[in-house]
Amino acid sequence: MFKISFYLPTEIIFRVGAVDELEERAKKLGKKALIVTGRSSTKKTGLLQRVVDLLKKAGVESFVFDKIVPNPISDHVDEAAEIVRKEKIDFIIGLGGGSPIDSAKAISITAPNEGKFWDYVPVGGGKIPEKSIPVVAIPTTHGTGTEADPFAVITNPQTKEKVGIGYRNTFPVLSLVDPEVMKTLPKDQTAYTSMDAFYHAIEAFLNVNANPYSDVLALDAMKRIVTYLPVAYENGEDMEARTNLAWASTEAGITETLTGVIANHALEHGLSGFYPEITHGLGLCITGPYLFEYIFDHAYERLAIVGREVFGVYETDDRKAGRLAIKKLRDFQEMFGLNKRLSELGVKKEDIPKMAETGYRILNGVVVVTPGNLTAKDMEEIFNRCY
Ligand SMILES: [Fe+2]
């Protein structure tokens with residue numbers, strides 16, 4: 001029997017033009033804001049300037065921290081936390097893809113407490129952050145779901161540990177999800193981020209703790225992605241496609257809060273912790289189908305539902321329908337060139353045991369909710385099959 005209990009305190013405003021809400025909302029959050037963003041894209045598109053201007057109109061002084069890299073690192077979190085302490089910042093805006101928003105969350109718990117970010121990581125100091133600063137999320141990609149969950153994924157560049165943290169006080173207080181600002185997302189990022197959302201949804205659906213609430217959202221998110229990713233990939237300006245992909249990302253983000261991902265994310269963290277140049281969404285596409293084959297005996301009934309409801313498989317036998325779901329998923333990924341092998345991407349075979357061990361250890365919470373009781377050895381075997 002299923003159980004449901006959830007805490008989802010984020011106010012989500014989802015609409016074309018949602019960014020403009022910032023002016024009114026910012027007035028209530030304080031006088032000084034730190035905008036956390038990446039090195040270039042929000043400057044090129046003019047979005048950073050627009051946010052600065054909206055804050056100015058609201059009478060809020062803004063500071064910009066623009067060093068965030070893909071697969072963001074804890075050194076930058078600590079550096080920005082120092083700015084928050086020094087300037088007595090009232091709230092933080094995560095502007096961009098998952099990396100700036102996750103960094104904003106990590107900064108929000110580091111700055112008002114003592115020490116460094118790694119002190120608040122279960123595999124680091126393990127302290128619980130008592131205090132936090134409000135975070136506003138403005139996503140420019142449709143994938144991470146970070147606008148609707150408490151999680152922040154940060155890598156320690158010294159140990160190559162890519163951890164996910166999430167506390168009751170790391171939900172954004174406000175998320176402005178505006179499909180309009182996602183129009184400029186390049187083709188490859190359109191595919192990578194949409195597939196990240198797809199994997200949040202399918203992993204939540206296969207999670208041993210799946211429940212009816214997250215199931216509805218997960219299936220709906222997958223259907224929207226399968227329908228609209230090909231459209232947005234061809235024409236990034238198609239607002240119907242962008243809006244549907246943005247909503248798919250947000251609802252998949254809600255499934256992360258309700259249920260959560262499974263071992264595919266642990267595999268991917270093991271992989272990109274060692275190879276940060278491999279994009280999260282691509283990594284998930286490489287390991288996902290192999291994981292589903294590996295756990296097939298424990299997951300085929302649910303995979304059959306995905307096959308029928310998401311990919312239109314017409315097959316009454318669950319095992320056959322489950323196999324077809326994996327095949328259809330690979331076919332779908334092929335449309336965007338996402339079926340790569342680890343060997344093609346420069347991964348060294350001798351790194352696989354370490355990648356498997358690290359992924360298993362640092363994201364153990366998602367491994368244990370995977371059907372089939374996986375061990376670190378199983379994860380190593382899955383990596384070998386992806387090689
Ligand atoms: Fe993800």
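The questions below take up the metal site, the salt bridges, the domains and some local features of this predicted model.

Reader: Which protein residues are the donors of the iron ion?
Author: The donor atoms lie 2.2 Å from the iron ion. One is an OD atom and the others are NE2 atoms. The residues are D196, H200, H265 and H280.

Reader: Are H200 and H280 buried or exposed?
Author: The cut-off for buried is under 20% relative accessible area. H200 has 2%. H280 has 18%. Both values fall under the cut-off, so H200 is buried and H280 is buried.

Reader: How many salt bridges does a search of the whole structure find?
Author: Side chains of opposite charge can pair when their charged atoms come close. The search covers the whole structure. Its count is 25 salt bridges.

Reader: Which parts does the salt bridge of K43 and D66 tie together?
Author: The closest N and O atoms of K43 and D66 are 2.7 Å apart. K43 is in helix α2 (residues 41-44) and D66 in strand β3 (residues 61-68), so the bridge links parts 23 residues apart in sequence. Those parts are α2 and β3.

Reader: Are K43 and D66 buried, partly exposed or exposed?
Author: The relative accessible area of K43 is 41%. For D66 it is 27%.

Reader: Which helices hold R308 and D318?
Author: Their side chains form a salt bridge at 2.8 Å, N to O. The pair ties together parts ten residues apart in sequence, because R308 and D318 lie in separate helices. These are α11 (residues 296-311) for R308 and α12 (residues 318-334) for D318.

Reader: What area do domain 1 and domain 2 bury between them?
Author: Domain 1 covers 11-182 and domain 2 covers 187-386. Contacts involve 26 residues of domain 1 and 30 residues of domain 2. Of the buried area, 60% is on carbon and sulfur atoms. The area is about 2,200 Å².

Reader: How many Å separate the centres of domain 1 and domain 2?
Author: The centres are taken over C-alpha atoms. The separation is 25 Å.

Reader: How many salt bridges are counted between domain 1 and domain 2?
Author: The count concerns the pairs between the two domains. It comes to two salt bridges.

Reader: What do the buried residues of α13 pack against?
Author: Helix α13 (residues 352-362) has the buried residues I352, M355, A356, T358, G359 and I362. They pack against β7 (161-166), α9 (263-274), α14 (364-367) and α15 (376-386).

Reader: Is N71 buried or exposed?
Author: Most residues other than glycine have a negative phi. N71 has a positive phi, near 55°. It is placed in the loop between β3 and α4 (74-87). At 12% relative accessibility, N71 is buried.

Reader: Is K88 buried or exposed?
Author: K88 also has a positive phi, about 50°, and is not a glycine. Its place is the loop between α4 and β4 (91-96). With 64% relative accessibility, K88 is exposed.

Definitions and conventions
Residues are numbered from 1 along each chain as its sequence is written. This is a predicted model: local features need pLDDT of at least 70, side-chain atom pairs count only at pLDDT 80 or more; totals for chains, interfaces and linings use all residues. Side-chain values use heavy atoms; hydrogens and water are left out. Donors are N, O and S atoms within 2.8 Å of the metal (3.2 Å for Na, K and Ca); water is not among the atoms, so sites may look incomplete. Buried means under 20% relative accessible area, exposed over 50%, partly exposed in between (1.4 Å probe, protein chains only). A salt bridge is a side-chain nitrogen of Lys or Arg within 4 Å of a carboxyl oxygen of Asp or Glu. Helices (H or I, at least four residues) and strands (E, at least two) are DSSP runs, numbered from the N terminus. Domain bounds come from an automatic or database domain assignment. Contact means heavy atoms within 4.5 Å. Buried area is the accessible area (1.4 Å probe) that two parts lose on being put together, summed over both.
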